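Let's take a friendly walk through this protein together. Have a look at the structure, and then read on.

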Amino acid sequence: MLITGGAGFIGVNAAEHFIKKGWGVTIFDNFSRKGVELNIAFLEKNYPGKFTVTRGDVRTDSDALKTAADAHDVILHLAAQVAVTTSVKNPREDFGVNALGTFNVLEAIRESKRKPILLYASTNKVYGGLEGQKVIEEADHYRFANLQGGVTEEELLDFHSPYGCSKGAADQYVRDYARLYDLKTVVFRQSCIYGQHQFGIEDQGWVAWFLIAALLGRPIQIYGNGKQVRDLLFIDDLIHAYDAAIENISTAAGQIYNLGGGPNNALSLLQFFAFLKNDLGMTISSSFADWRPGDQPIFISDNSKAGNDLHWTAATEVHAGIRTLLQWLRDNKADIEKFYS
Ligand SMILES: NC(=O)c1ccc[n+]([C@@H]2O[C@H](COP(=O)([O-])OP(=O)(O)OC[C@H]3O[C@@H](n4cnc5c(N)ncnc54)[C@H](O)[C@@H]3O)[C@@H](O)[C@H]2O)c1
């Protein structure tokens, strides 16, 4: 398996999973995300000699991608510019990494003899602000008036923010290359993913970021009123979905799947803080600021299609998953303190 962006949060977890399954794993990454060396050090310590690392950039290293496409049966394409805020500040860079980078991966596969499977990590942000859906404001959260089961893949696309546009363009290219060139590509529109090895920052990875802020006594800003709801998907469950897509590739090829925690694993920020305080005895000092571009008041994924096609569920209960991440952060507090110093 080739994992672009394999040194990042999802990548290191995927690498560990597939190494444990006995697969040959190659990580392709430009190491632009701060802290990813820690993830590679973790793999080197625990799985020496079981994986290789190629330093490369999906924007410019087309030849390396072509060579890699002929050497692997599966490409998990995770390399990306991942923060909405950064995309607003530097839309050209965002476009280069997310849209052109994905196009380069697709072309490498199209021109290969081997035609590996491509799994693409898209985002629920392709559905934009969901302005067409009526939302009801409750005391500590928003809820959909009509979408009790969550958002399905039938929802209208409405790219918002450069990140939404670049990931959305890539999402549609990945889908169309299956249709047009008969490639085995699969798109996953992922909700918020959280779990071990997540070095969350204010701009991305908020569950880890809030827990780290609580652990280190750092203040945080809440953008919006805190009633925004997110369905949280634990990292192990996401990796199982990737695995399930490979196992069921004859069904999954050319398909798009929403993947999130679903209605049972959704929390507003205020509910998250209440859990931290009441169940975990942790408080964070916080202040409120304006909403950020493209922020959805609520997103909950309807996972039915992935459930039916891939025999997959979001198995980890959200509070249990948060406790697991918190324990990992505590176990790695020295690294965390160094990273956030
Ligand atoms: N984490 C989430 O909640 C979430 C939700 C939806 C979608 N996604 C998508 O999942 C993927 C992985 O996200 P993550 O949370 O692991 O992020 P991450 O930042 O931890 O990992 C991304 C990796 O890509 C690498 N990278 C960036 N630009 C590159 C380039 N030009 N060439 C090669 N490598 C490059 C970075 O160094 C990093 O290691 C991304 O595509 C992201 O858009 C993530």
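Helix 1 gives the most to the shell around the ligand, supplying three residues. This model is predicted, so please read every position as a computed one. Which other elements supply at least two residues of that shell? Besides helix 1 (9–20), they are helix 5 (91–110), strand 5 (117–123) and strand 9 (192–194).

The shell around the ligand holds 30 residues, and those that come nearest are Gly5, Gly8, Ala79, Ala80 and Ala121. What kinds of residues make up this shell? They divide into 14 nonpolar, eleven polar and five charged.

| Helix 2 | 36–46 | Val36, Asn39, Leu43 | 50 degrees |

Start with helix 2. Its buried residues are Val36, Asn39 and Leu43. Why do these three lie on the same side of helix 2? They cover an arc of only 50 degrees around the axis, and therefore share one side. The face turned away from the buried side of helix 2 carries the exposed residues Glu37, Ala41 and Lys45. What covers the buried residues of helix 2? The cover includes helix 1, strand 2 (25–29) and strand 3 (51–55). Helix 1 is also the element that gives the most to the shell around the ligand.

Against which elements do they pack?

Finally, step back to see the whole chain. The protein chain has 13 helices and 15 strands. Its C-alpha atoms fill a box of roughly 55 × 45 × 40 Å along the principal axes. A compact globule of 341 residues would have a radius of gyration near 20 Å, and the 19 Å of the protein chain agrees with that. Of the 341 residues, 48% count as buried. Among contacts between residues at least 6 apart in sequence, 83% join residues at least 24 apart.

Technical notes. Residues are numbered from 1 along each chain as its sequence is written. This is a predicted model: local features need pLDDT of at least 70, side-chain atom pairs count only at pLDDT 80 or more; totals for chains, interfaces and linings use all residues. A residue is near a molecule or strand if its C-beta atom, placed from the backbone, lies within 6 Å of it. Helices (H or I, at least four residues) and strands (E, at least two) are DSSP runs, numbered from the N terminus. Ala, Val, Leu, Ile, Met, Phe, Trp, Tyr, Cys and Pro count as nonpolar, Asp, Glu, Lys and Arg as charged, and the others, Gly among them, as polar. A residue is buried if 20 or more other C-beta atoms lie within 10 Å of its own, exposed if 12 or fewer, and partly exposed in between; C-beta atoms are placed from the backbone. The arc is that of the directions from the helix axis to the C-beta atoms. Two residues are in contact if their C-beta atoms, placed from the backbone, lie within 7 Å. The radius of gyration is taken over C-alpha atoms; the globule rule is 2.2 Å times the number of residues to the power 0.38.
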